[in-house]
Amino acid sequence: MTEQEQQSARDEAALDGIDLPPAGTKQRGRLRFSHPMLADWSWPFTVVCGASDGPRLALISGVHPAEYPAIEANIRFTRGLEPARLRGTVVSLPLIDVPAFLPRTPFVCPIDGKNPNRFFPGDPNGTFTDVMADALFRAVIRPSDALIDLHGGDLVESLIPFTVCPVIGNEEIDAASAAMARVFGLPYVVKNRPQPGALAGMTIHAAASAGIPAIIPESGSCGLLTEPETRLLVEGIENVLHHLGMLDGPPRQVPPPVEVERFTWLTAPVEGIWYPSVIVAEAVETGQTVGEIRNLYGDPVADVAAPHDGDVLFLTTSPAMREGGILLAIGAR
Ligand SMILES: [Zn+2]
(Lines give C-alpha, C1' and ligand atoms only; values in the text may rest on other atoms or scores of the structure.)
Protein backbone atom coordinates (compact mmCIF):
# COMPACT_ATOMS: atom_id res chain seq x y z
CA MET A 1 0.00 0.00 0.00
CA THR A 2 1.17 3.50 -0.72
CA GLU A 3 1.17 5.99 2.13
CA GLN A 4 -1.95 7.57 0.67
CA GLU A 5 -3.75 4.22 0.57
CA GLN A 6 -2.75 3.57 4.18
CA GLN A 7 -4.13 6.98 5.10
CA SER A 8 -7.45 6.27 3.39
CA ALA A 9 -7.63 2.85 5.08
CA ARG A 10 -7.30 4.65 8.39
CA ASP A 11 -9.92 7.17 7.31
CA GLU A 12 -12.30 4.32 6.58
CA ALA A 13 -11.85 3.07 10.14
CA ALA A 14 -12.91 6.43 11.53
CA LEU A 15 -16.50 6.59 10.35
CA ASP A 16 -18.91 7.59 13.15
CA GLY A 17 -16.38 6.50 15.77
CA ILE A 18 -12.70 6.00 16.45
CA ASP A 19 -11.25 2.48 16.70
CA LEU A 20 -8.36 2.37 19.12
CA PRO A 21 -4.97 1.35 17.69
CA PRO A 22 -2.86 -1.38 19.37
CA ALA A 23 -1.47 -0.70 22.86
CA GLY A 24 1.70 1.35 22.84
CA THR A 25 1.02 3.13 19.55
CA LYS A 26 -0.14 6.51 18.30
CA GLN A 27 -2.39 6.93 15.27
CA ARG A 28 -3.64 9.90 13.30
CA GLY A 29 -6.70 10.02 11.11
CA ARG A 30 -9.70 12.03 10.03
CA LEU A 31 -13.06 11.36 11.60
CA ARG A 32 -16.01 11.38 9.22
CA PHE A 33 -19.71 10.82 9.76
CA SER A 34 -22.42 9.03 7.80
CA HIS A 35 -24.99 11.74 8.60
CA PRO A 36 -25.60 13.41 5.19
CA MET A 37 -25.39 16.90 6.66
CA LEU A 38 -21.77 16.24 7.73
CA ALA A 39 -20.70 14.56 4.48
CA ASP A 40 -18.45 17.40 3.28
CA TRP A 41 -16.46 17.66 6.51
CA SER A 42 -13.84 15.73 8.45
CA TRP A 43 -12.21 16.15 11.83
CA PRO A 44 -8.46 15.54 12.33
CA PHE A 45 -7.73 13.34 15.35
CA THR A 46 -4.82 11.63 17.07
CA VAL A 47 -5.21 8.63 19.35
CA VAL A 48 -2.42 7.84 21.79
CA CYS A 49 -2.91 4.33 23.10
CA GLY A 50 -0.81 3.71 26.20
CA ALA A 51 1.35 0.67 26.74
CA SER A 52 -0.85 -0.32 29.68
CA ASP A 53 -4.54 -0.08 30.57
CA GLY A 54 -6.08 3.01 32.12
CA PRO A 55 -8.77 5.65 31.62
CA ARG A 56 -9.79 7.08 28.25
CA LEU A 57 -9.50 10.86 28.12
CA ALA A 58 -11.12 13.04 25.45
CA LEU A 59 -8.93 16.09 24.83
CA ILE A 60 -10.75 18.58 22.63
CA SER A 61 -10.33 22.22 21.60
CA GLY A 62 -11.54 24.54 18.88
CA VAL A 63 -15.20 24.40 19.91
CA HIS A 64 -14.53 28.11 19.43
CA PRO A 65 -12.18 28.25 16.47
CA ALA A 66 -10.13 31.40 17.22
CA GLU A 67 -9.07 30.32 20.71
CA TYR A 68 -5.60 29.50 19.43
CA PRO A 69 -3.60 28.76 22.63
CA ALA A 70 -6.18 26.03 23.32
CA ILE A 71 -5.77 24.49 19.86
CA GLU A 72 -1.98 24.79 20.00
CA ALA A 73 -1.77 23.28 23.51
CA ASN A 74 -3.84 20.29 22.40
CA ILE A 75 -1.64 19.67 19.35
CA ARG A 76 1.61 20.21 21.26
CA PHE A 77 0.69 18.00 24.21
CA THR A 78 -0.53 15.21 21.95
CA ARG A 79 2.57 15.30 19.73
CA GLY A 80 4.83 15.10 22.78
CA LEU A 81 2.95 12.30 24.54
CA GLU A 82 4.84 9.00 24.29
CA PRO A 83 2.61 5.90 24.30
CA ALA A 84 5.22 4.04 26.36
CA ARG A 85 4.73 6.50 29.27
CA LEU A 86 0.94 6.43 29.14
CA ARG A 87 -1.61 4.30 30.97
CA GLY A 88 -4.92 4.36 29.12
CA THR A 89 -5.82 6.36 26.04
CA VAL A 90 -5.92 9.98 24.95
CA VAL A 91 -8.23 10.83 22.05
CA SER A 92 -7.29 14.30 20.81
CA LEU A 93 -9.39 16.45 18.46
CA PRO A 94 -7.73 19.87 18.16
CA LEU A 95 -10.57 21.41 16.16
CA ILE A 96 -14.25 20.78 16.89
CA ASP A 97 -15.93 23.59 14.93
CA VAL A 98 -14.09 22.78 11.70
CA PRO A 99 -16.31 24.96 9.42
CA ALA A 100 -15.52 28.05 11.54
CA PHE A 101 -11.72 27.74 11.56
CA LEU A 102 -10.66 29.20 8.21
CA PRO A 103 -13.38 31.89 8.04
CA ARG A 104 -12.41 32.87 11.65
CA THR A 105 -15.98 33.32 12.80
CA PRO A 106 -15.89 34.06 16.54
CA PHE A 107 -18.03 31.80 18.77
CA VAL A 108 -20.44 30.47 16.16
CA CYS A 109 -20.51 27.94 13.36
CA PRO A 110 -20.90 29.92 10.12
CA ILE A 111 -23.23 27.32 8.60
CA ASP A 112 -26.15 28.02 10.95
CA GLY A 113 -24.88 30.81 13.24
CA LYS A 114 -25.14 28.70 16.41
CA ASN A 115 -22.56 28.58 19.22
CA PRO A 116 -21.66 24.87 19.49
CA ASN A 117 -21.01 25.19 23.21
CA ARG A 118 -24.73 25.79 23.76
CA PHE A 119 -25.98 22.74 21.85
CA PHE A 120 -24.34 19.65 23.40
CA PRO A 121 -25.13 16.73 23.52
CA GLY A 122 -26.62 17.68 20.18
CA ASP A 123 -29.53 16.50 18.07
CA PRO A 124 -29.28 14.41 14.87
CA ASN A 125 -32.52 16.05 13.62
CA GLY A 126 -31.47 19.67 14.14
CA THR A 127 -29.46 22.12 12.06
CA PHE A 128 -25.74 21.67 11.28
CA THR A 129 -24.41 22.59 14.76
CA ASP A 130 -26.87 20.27 16.53
CA VAL A 131 -25.96 17.42 14.18
CA MET A 132 -22.21 18.04 14.56
CA ALA A 133 -22.49 18.18 18.36
CA ASP A 134 -24.48 14.93 18.41
CA ALA A 135 -22.01 13.12 16.13
CA LEU A 136 -18.94 14.29 18.07
CA PHE A 137 -20.57 13.62 21.43
CA ARG A 138 -21.28 10.00 20.43
CA ALA A 139 -17.91 9.39 18.78
CA VAL A 140 -15.54 11.22 21.11
CA ILE A 141 -17.05 12.30 24.44
CA ARG A 142 -19.45 9.50 25.40
CA PRO A 143 -16.88 6.67 25.10
CA SER A 144 -14.52 8.56 27.45
CA ASP A 145 -13.90 8.42 31.20
CA ALA A 146 -12.99 12.13 31.40
CA LEU A 147 -13.17 15.24 29.21
CA ILE A 148 -10.89 18.26 28.92
CA ASP A 149 -12.39 20.89 26.57
CA LEU A 150 -9.77 23.63 26.10
CA HIS A 151 -10.93 27.23 25.50
CA GLY A 152 -9.70 30.81 25.85
CA GLY A 153 -10.64 34.34 24.87
CA ASP A 154 -12.03 34.42 21.33
CA LEU A 155 -11.20 37.20 18.81
CA VAL A 156 -13.12 39.84 20.73
CA GLU A 157 -12.44 39.02 24.38
CA SER A 158 -9.67 38.96 26.93
CA LEU A 159 -9.61 36.89 30.07
CA ILE A 160 -7.65 35.85 33.13
CA PRO A 161 -7.05 32.08 33.01
CA PHE A 162 -9.76 30.07 34.78
CA THR A 163 -11.20 26.58 34.70
CA VAL A 164 -14.94 25.95 34.55
CA CYS A 165 -16.30 22.79 36.17
CA PRO A 166 -19.90 21.63 35.98
CA VAL A 167 -22.10 21.23 39.06
CA ILE A 168 -24.99 18.98 38.02
CA GLY A 169 -26.09 17.62 41.39
CA ASN A 170 -24.38 14.22 41.10
CA GLU A 171 -21.97 14.39 44.04
CA GLU A 172 -19.49 11.86 42.73
CA ILE A 173 -19.21 13.34 39.24
CA ASP A 174 -19.20 16.92 40.54
CA ALA A 175 -16.37 16.10 42.96
CA ALA A 176 -14.36 14.38 40.21
CA SER A 177 -14.80 17.38 37.87
CA ALA A 178 -13.84 19.84 40.64
CA ALA A 179 -10.73 17.81 41.48
CA MET A 180 -9.62 17.91 37.83
CA ALA A 181 -10.29 21.66 37.75
CA ARG A 182 -8.21 22.33 40.88
CA VAL A 183 -5.27 20.21 39.75
CA PHE A 184 -5.25 21.90 36.32
CA GLY A 185 -3.58 24.81 38.09
CA LEU A 186 -5.23 27.98 36.70
CA PRO A 187 -5.83 30.82 39.21
CA TYR A 188 -9.65 30.56 39.30
CA VAL A 189 -12.07 27.62 39.34
CA VAL A 190 -15.61 28.56 38.29
CA LYS A 191 -18.45 26.29 39.47
CA ASN A 192 -21.01 26.26 36.70
CA ARG A 193 -24.57 25.08 37.21
CA PRO A 194 -26.53 24.27 34.04
CA GLN A 195 -29.38 26.70 33.64
CA PRO A 196 -32.05 27.32 31.05
CA GLY A 197 -31.05 29.97 28.52
CA ALA A 198 -27.62 31.28 27.73
CA LEU A 199 -25.38 28.72 29.39
CA ALA A 200 -27.21 25.47 28.70
CA GLY A 201 -25.72 22.89 26.37
CA MET A 202 -22.06 23.21 27.26
CA THR A 203 -19.84 20.21 26.50
CA ILE A 204 -19.03 19.77 30.19
CA HIS A 205 -22.69 19.66 31.26
CA ALA A 206 -23.51 17.09 28.60
CA ALA A 207 -20.49 15.01 29.59
CA ALA A 208 -21.16 15.24 33.34
CA SER A 209 -24.81 14.32 32.77
CA ALA A 210 -23.56 11.18 31.00
CA GLY A 211 -21.38 10.33 34.03
CA ILE A 212 -18.14 11.74 32.61
CA PRO A 213 -16.15 14.22 34.78
CA ALA A 214 -15.30 17.24 32.66
CA ILE A 215 -13.62 20.65 32.72
CA ILE A 216 -13.24 23.70 30.49
CA PRO A 217 -9.86 25.39 31.09
CA GLU A 218 -9.67 28.89 29.55
CA SER A 219 -6.40 30.67 28.72
CA GLY A 220 -5.41 33.24 26.09
CA SER A 221 -7.07 36.35 24.70
CA CYS A 222 -8.20 38.22 21.60
CA GLY A 223 -7.43 35.52 19.04
CA LEU A 224 -3.70 35.70 19.72
CA LEU A 225 -1.44 32.67 19.76
CA THR A 226 0.65 33.50 22.84
CA GLU A 227 3.27 31.26 24.40
CA PRO A 228 2.74 31.74 28.18
CA GLU A 229 -1.00 31.08 27.85
CA THR A 230 -0.33 28.02 25.68
CA ARG A 231 2.19 26.67 28.18
CA LEU A 232 -0.28 27.07 31.07
CA LEU A 233 -2.67 24.78 29.21
CA VAL A 234 -0.02 22.20 28.29
CA GLU A 235 1.14 22.02 31.93
CA GLY A 236 -2.47 21.76 33.12
CA ILE A 237 -3.26 18.85 30.79
CA GLU A 238 -0.14 17.04 31.94
CA ASN A 239 -1.12 17.55 35.60
CA VAL A 240 -4.60 16.12 35.02
CA LEU A 241 -3.04 13.01 33.45
CA HIS A 242 -0.92 12.54 36.59
CA HIS A 243 -4.04 13.10 38.72
CA LEU A 244 -5.94 10.44 36.74
CA GLY A 245 -3.06 7.96 37.09
CA MET A 246 -2.40 8.03 33.33
CA LEU A 247 1.18 9.24 33.85
CA ASP A 248 3.58 8.09 36.56
CA GLY A 249 3.98 10.12 39.70
CA PRO A 250 1.75 12.54 41.59
CA PRO A 251 0.53 15.80 40.06
CA ARG A 252 2.74 18.85 40.45
CA GLN A 253 1.68 20.98 43.45
CA VAL A 254 -0.26 24.04 42.29
CA PRO A 255 -1.43 27.06 44.32
CA PRO A 256 -5.04 26.63 45.50
CA PRO A 257 -7.33 28.47 43.06
CA VAL A 258 -9.93 31.09 43.97
CA GLU A 259 -13.18 29.08 43.91
CA VAL A 260 -15.88 31.12 42.17
CA GLU A 261 -19.44 30.25 43.21
CA ARG A 262 -21.02 33.37 41.72
CA PHE A 263 -20.26 34.08 38.06
CA THR A 264 -22.25 37.00 36.65
CA TRP A 265 -22.27 37.96 32.98
CA LEU A 266 -23.19 41.59 32.33
CA THR A 267 -24.94 42.37 29.05
CA ALA A 268 -25.52 45.59 27.14
CA PRO A 269 -28.89 47.26 27.88
CA VAL A 270 -28.65 49.16 24.55
CA GLU A 271 -26.53 48.95 21.41
CA GLY A 272 -23.59 51.29 20.85
CA ILE A 273 -19.88 51.60 21.48
CA TRP A 274 -18.50 49.85 24.60
CA TYR A 275 -15.97 51.73 26.76
CA PRO A 276 -14.87 49.46 29.61
CA SER A 277 -13.21 51.20 32.56
CA VAL A 278 -11.76 48.05 34.11
CA ILE A 279 -9.33 45.36 32.95
CA VAL A 280 -9.34 41.61 33.41
CA ALA A 281 -8.32 40.37 36.88
CA GLU A 282 -9.27 43.74 38.39
CA ALA A 283 -11.21 43.55 41.68
CA VAL A 284 -14.49 45.50 41.60
CA GLU A 285 -17.00 46.48 44.29
CA THR A 286 -20.80 46.47 44.31
CA GLY A 287 -22.10 49.50 42.42
CA GLN A 288 -18.73 50.44 40.94
CA THR A 289 -18.88 51.69 37.33
CA VAL A 290 -17.17 49.12 35.10
CA GLY A 291 -17.80 50.91 31.81
CA GLU A 292 -20.28 52.79 29.70
CA ILE A 293 -21.96 52.58 26.32
CA ARG A 294 -22.08 55.62 24.06
CA ASN A 295 -23.98 56.17 20.84
CA LEU A 296 -22.37 57.00 17.49
CA TYR A 297 -22.44 60.71 18.38
CA GLY A 298 -20.44 60.06 21.58
CA ASP A 299 -23.35 60.64 23.98
CA PRO A 300 -23.32 58.26 26.99
CA VAL A 301 -26.43 56.05 26.71
CA ALA A 302 -25.82 53.51 29.48
CA ASP A 303 -23.71 53.25 32.61
CA VAL A 304 -22.68 49.75 33.56
CA ALA A 305 -22.13 48.95 37.26
CA ALA A 306 -20.92 45.85 39.09
CA PRO A 307 -23.90 44.06 40.71
CA HIS A 308 -21.63 42.50 43.36
CA ASP A 309 -18.02 42.42 44.53
CA GLY A 310 -15.62 40.16 42.67
CA ASP A 311 -12.90 39.97 40.04
CA VAL A 312 -13.32 40.64 36.31
CA LEU A 313 -12.70 37.21 34.76
CA PHE A 314 -13.38 38.13 31.14
CA LEU A 315 -14.07 41.26 29.17
CA THR A 316 -15.29 41.99 25.63
CA THR A 317 -12.50 44.02 24.03
CA SER A 318 -14.27 44.84 20.77
CA PRO A 319 -16.13 48.16 21.11
CA ALA A 320 -19.01 47.32 18.73
CA MET A 321 -21.84 46.19 20.99
CA ARG A 322 -25.34 45.08 20.16
CA GLU A 323 -28.19 45.20 22.65
CA GLY A 324 -27.91 42.10 24.83
CA GLY A 325 -24.25 41.56 23.88
CA ILE A 326 -21.89 40.28 26.57
CA LEU A 327 -19.79 43.03 28.20
CA LEU A 328 -17.82 41.24 30.90
CA ALA A 329 -18.09 38.66 33.65
CA ILE A 330 -17.49 39.05 37.38
CA GLY A 331 -16.57 36.09 39.53
CA ALA A 332 -16.85 35.95 43.31
CA ARG A 333 -16.38 33.30 46.00
ZN1 LIG B 1 -14.48 29.28 24.04
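The expected span of a helix is taken as 1.5 Å times one less than its number of residues, where helices are DSSP runs of H or I with at least four residues and strands are runs of E with at least two, numbered from the N terminus. The structure is a predicted model, in which local features need pLDDT of at least 70 and side-chain atom pairs count only at pLDDT 80 or more, while totals for chains, interfaces and linings use all residues. Residues are numbered from 1 along each chain as its sequence is written, and side-chain values use heavy atoms, with hydrogens and water left out.

**Helix α7**
- The 17 residues of α7 (residues 227-243) should span 24 Å at 1.5 Å a residue, which agrees with the 24 Å between its end C-alpha atoms.
- Just after α7, G245 takes a positive phi of about 75°.

**Zinc site**
- The zinc ion is coordinated by H64 (ND1), E67 (OE), E67 (OE) and H151 (ND1), at 2.1 to 2.3 Å, donors being N, O and S atoms within 2.8 Å of the metal (3.2 Å for Na, K and Ca); water is not among the atoms, so sites may look incomplete.
- H64 lies in the loop between β3 and α2, whereas H151, 87 residues apart from it, lies in the loop between β5 and β6 (157-159).
- Both H64 and H151 are buried.

Conventions:
Buried < 20%, exposed > 50% of the residue type's maximum accessible area, 1.4 Å probe, protein only.
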